[in-house]
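Try each task before reading its solution.

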Amino acid sequence: MLVFAVVSLSGCVEQKKVLTISTTTSLYDTGLLEEVIASEFKKYSGIDVRFIAKGTGAAIQDAMRGAADVIFVHAPERELEFMKAGYGVNRKVIAYNFFVIVGPPSDPAGIKGLSPIEAMKKIAKLGREGEIVWVSRGDMSGTNVKEIQLWKLAGFDYDKLKNEGWMHLTGSGMGKTLLYASNINAYTLSDTGTYLKYKKLIKLEELVSKGEELINIYSFIVVKNSKNFDAAMIVLRWLVSEDGQNLIAQFGKDEFGKSLFNPISKVDEKTREWIVKYGFFEDDGVKTECPKKFRLAANGLEFSEVKIQ
Amino acid sequence: MILETATRTLELLTNPAVLDITLRSIRVSGVATILALVVGLPIAAALALLNFKGKEIIKSIFNALLGIPTVVLGLVLYILIAPNGVLGYLGLLYTELGISVGQMLLILPIIVSFVVNSIERVEREIRDLAYTLGATEFQTSLALLKEAYSGVVLATIAAFNRAIAELGIALMIGGNVFVSGGRYNTRVLTTAMQMYVARGEIEVAIALGIILIAIVFSISLLSNSLQRCYGLDKT
């Protein structure tokens, strides 16, 4: 108790002004946030930002406990739940890329070039025959949520599949999951950024990378009751501005020859349709990145809306 | 391979970011150890020297807490000190001080149990001798603590080494925050290691591991030689 008394005193002395952003490991582990965004935003606004890398599920937990001012995540369904529960407002899509289905170069399931759904069907079939192994994150991260969605689209119930012996659950981050899958010559779903970072360490190949279902959408949601709401809005406005979007577009070009994340401002027509389909929510006859009732003090900030045909 | 790792470690040592992380590790766990001593020594002295009801139960609780898993402690603290938690007003989550307080709770049982043991070991002989020489109760207690000094030193080192090497609390309470030149960084050696492993940069993780082991070993060696110099290793 004495210690807590001392600690509370010192806590009062150093009243801090720092914006806390809880985010997913797939964004964080590429280095984009801490190496580029944090320092450039500090230069622009003078505001300190700290990023906590946790995975989408845990980032949402952080926000619910008041530990985060913003979440920067990639699981649209869970984001909507989060906003519906009254915790988040002003959701903006910031960037996107694609998930990839990776597997051993010999591709025993023969999925190379198939559509994502056909590939998942084939993997389940051969998995049940004991020919191949699929590795799942199993941690309710954005990638795991996407995987569950893909199984659903292919006609399978993930909760049942995960008890079948051919599906291995790692419960760890993407990097460790890729290493594990590589060691046992298995297939898995990965985000592009982590896969590119790990490419030289693993012997897995990108087998299916085309298809609208694989779209990976990163959104920014401001925590409604945050004490740093204004600062959170400043960083949001900056990220969707030309400066912020250019930084995202440039990141990774030197190291990997292509950018790891595509800024939303430069999206082409076709991809935009996919983002609307998989990352927007219905609201009063339109599909929008942020339904009207979840917009708060966002003057001048434009939220994308598309009429439902 | 070994040579490469060694050169890489040396290279990394001169890297300001690595130096910053290393110094933070030492600082965070140093503060934790000092806090644990401030709280733990009076508790240990009371448990060893006073007679009161429930004393044995308290002692066994501290003994049991010696093996508390750091992830459990980290999780409980995370729930308590998150801003909406019971102790949220302290503002400790994702701060250096938060990690120190968590590690303090982790190593408090080490300090208490080790010190109680070493006092009890020297108690009987000293107490009788001190009484025969006409010492008061208080003077006797002081003499006992002095004789138990080497036990305190050992406890301090064991506690510091446990603190600096743990991951669960540093990760859950600290959050591994690092921004170049940032004022709110909480990345320490262990959290940096797990991150570099997750990022596939194993070499860096190995180098950081070597730094961590070097710190732990040097402190143990230093204390050994100090004890020898001052002849404090009698007990």
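Two residues are in contact if their C-beta atoms, placed from the backbone, lie within 7 Å. Keep in mind that this is a predicted model.

**Exercise 1. The overall fold**

Task: Find what share of the contacts in chain A between residues at least 6 apart in sequence join residues at least 24 apart, and describe the build of the chain.

Solution. Start with the elements: chain A has 14 helices and 13 strands. Its radius of gyration is 20 Å, close to the 19 Å that the globule rule gives for 309 residues, so chain A is as compact as a globular protein of that length. The C-alpha trace spans about 65 × 55 × 40 Å along its principal axes. Next, burial: 46% of the 309 residues count as buried. Finally, the contacts: of those between residues at least 6 apart in sequence, 70% join residues at least 24 apart.

**Exercise 2. A strand and its partners**

Task: Work out which strands pair with β3(A), and in which sense.

Solution. Take β1(A) to begin with: this strand and β3(A) pair in the parallel sense over 3 bridges. Here A:Ser22 stands opposite A:Ile71 of β3(A). Now turn to β9(A), residues 215-223, which pairs with β3(A) in the antiparallel sense over 4 bridges. In that pairing, A:Phe72 has A:Phe220 as its bridge partner.

What about the faces? In a regular strand the side chains alternate between the two faces of the sheet. For β3(A), residues 70-73, A:Val70 and A:Phe72 lie on one side, A:Ile71 and A:Val73 lie on the other, and all are buried.

**Exercise 3. The side facing chain B**

Task: Describe the contact between the chains by residues, elements and class.

Solution. Count the residues: chain A gives 28 and chain B gives 27. On the chain A side, the elements that give two or more residues are α1, β1, α3, β2, α9 and α10. The largest share, 6 residues, comes from α1(A). By class, this side of chain A has 11 nonpolar, 9 polar and 8 charged residues.

**Exercise 4. One residue up close**

Task: Decide whether A:Ala53 is buried or exposed, and list what it touches.

Solution. Locate A:Ala53 in strand β2 of chain A. A residue needs 20 or more C-beta neighbours within 10 Å to be buried; A:Ala53 has 23 inside 10 Å, so it counts as buried. Leaving out residues up to four places away in sequence, A:Ala53 touches A:Thr23, A:Thr25, A:Tyr28, A:Asp29 and, from the other chain, B:Asn176.

Notes. Residues numbered from 1 in each chain as written. Chains lettered and ligands numbered in written order. Predicted model: local features only at pLDDT ≥ 70, side-chain atom pairs only at ≥ 80, totals over all residues. Rg over C-alpha atoms; globule rule 2.2 N^0.38 Å. Buried ≥ 20, exposed ≤ 12 C-beta atoms within 10 Å, placed from the backbone. Nonpolar A, V, L, I, M, F, W, Y, C, P; charged D, E, K, R; others polar. Pairing = 2+ DSSP bridges.
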